[in-house]
Amino acid sequence: MPTFKLTIEYDGTGYHGWQVQPGMSTIQGVLEHAMERIIGTHVHVKGAGRTDAGVHATGQVASLRADFRYPPDILQRALTSLLPPDIVVTRVDGAPDGFDAQHWAQWKRYRYTLLTRSFPSALERRYTLFVPHPLKIDSMAEAAGMLIGEHDFTSFQAAKSSVDHPIRRVFATEFRQQGDHLFFEIVANGFLRHMIRIIMGTLMDVGRGKLGAGDIKVILEARDRNRASKTLSPHALCLLEVGYMASSGKNASSSEERLDSLPID
């Protein structure tokens, strides 16, 4: 059967994350239901990452195998006609046999967005975290830079996580202020459960002066969830894109490169 690669955008507000859960509405579940209506039988849709409840995406990637013999753009149009307005398949491509959106991924890029002004937003409340007090952005950026490289991120994973191997490689981190918005972007070969939200909560404490930039290294080396700060809300987090090995064979770039120089598939 043909293999397809889907690029997906979604508003995660009304869903219990990506992964199928009994009795709950999830992104994966809605996509699989739509595929079943098209094909007439169950189709497993595998995502590159299992975003948490409330987390959004502009560049989630999924793979599937289905007995669909028409061009990929026909599948995209069929899905568009069946999916709710808060889930959009922006692109469908034919993929090599055996393509696996999760296991073939080389890196993922996420963004966490803060609204840094004295009053909240009625329109952006689903996508930004309102922060009315000033932050030491330079200190936050310095602290975030200490996460670059390969580390054991036990201190920055959910307390009840059962991951056997908490080592991940962070390729790049960046803070960028644009008007009232402060964007934090992070690129890594993978993320633990709640990892970015715990990192962001800890960096916020650096920004408030509750922690020093150097404390991040101490927390990282402690490998103890209790040493890091609270887990921030998921609604300001968005999966921007997933990177795969380019046709030239070039892999994800080194940690010294900026975010905008990382390869995009």
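Which residue in strand 10 is the bridge partner of A105? I began my notebook with this question, and I kept in mind throughout that the model is predicted.

**Entry 1: strand 5 and its partners**

I looked up A105 and found that its bridge partner in strand 10 is Y244. Strand 5 covers residues 105-115, and I noted that it pairs with strand 10, residues 237-244, in the antiparallel sense over seven bridges. I then turned to strand 9, residues 181-188, which runs antiparallel to strand 5 and is joined to it by eight bridges; here T113 has F183 as its bridge partner.

I next asked how many of the eleven residues of strand 5 are buried. The count is nine, and residues are called buried when their relative accessible area is under 20%, so I wrote down that strand 5 is largely enclosed by the rest of the structure.

**Entry 2: helix 1 against helix 2**

I reminded myself that two packed helices are described by the angle between their axes and the distance between the axes. For helix 1 (residues 27-39) and helix 2 (residues 72-82), I read an angle of about 115° and axes 10 Å apart, and the crossing of helix 1 and helix 2 is right-handed. On the helix 1 side the residues that meet helix 2 are A34, M35, R37 and I38, while helix 2 brings L75, A78, L79 and L82 to the contact. Sorted by class, this contact has seven nonpolar residues, one charged residue and no polar ones.

Is G40 buried or exposed? I found G40 in the loop between helix 1 and strand 2, and its relative accessibility is 61%; because the cut-off for exposed is over 50%, G40 counts as exposed. I also checked G40 against V242, which is 202 residues away in sequence, and the two C-alpha atoms are 29 Å apart in space.

**Entry 3: R225**

I placed R225 in the loop between helix 5 (215-222) and strand 10. Leaving aside residues up to four places away in sequence, I listed what R225 touches: T154, S155, Q157, A159, I198, K230 and T231. A polar atom of the R225 side chain also lies 2.9 Å from the backbone oxygen of S229. Last, I compared R225 with E241, 16 residues apart along the chain, and noted that their C-alpha atoms are separated by 27 Å.

How values were computed. Residues numbered from 1 in each chain as written. Predicted model: local features only at pLDDT ≥ 70, side-chain atom pairs only at ≥ 80, totals over all residues. Heavy atoms only, no water. Axes fitted to C-alpha atoms, helices over the stretch in contact; angles between N-to-C directions. Helix = DSSP H or I, 4+ residues; strand = E, 2+ residues; numbered from the N terminus. Left-handed = near helix turned anticlockwise from the far one by under 90°. Contact = heavy atoms within 4.5 Å. Nonpolar A, V, L, I, M, F, W, Y, C, P; charged D, E, K, R; others polar. Buried < 20%, exposed > 50% of the residue type's maximum accessible area, 1.4 Å probe, protein only. Pairing = 2+ DSSP bridges. Polar contact = N/O pair within 3.5 Å; in protein donor to acceptor, adjacent residues only side chain to side chain.
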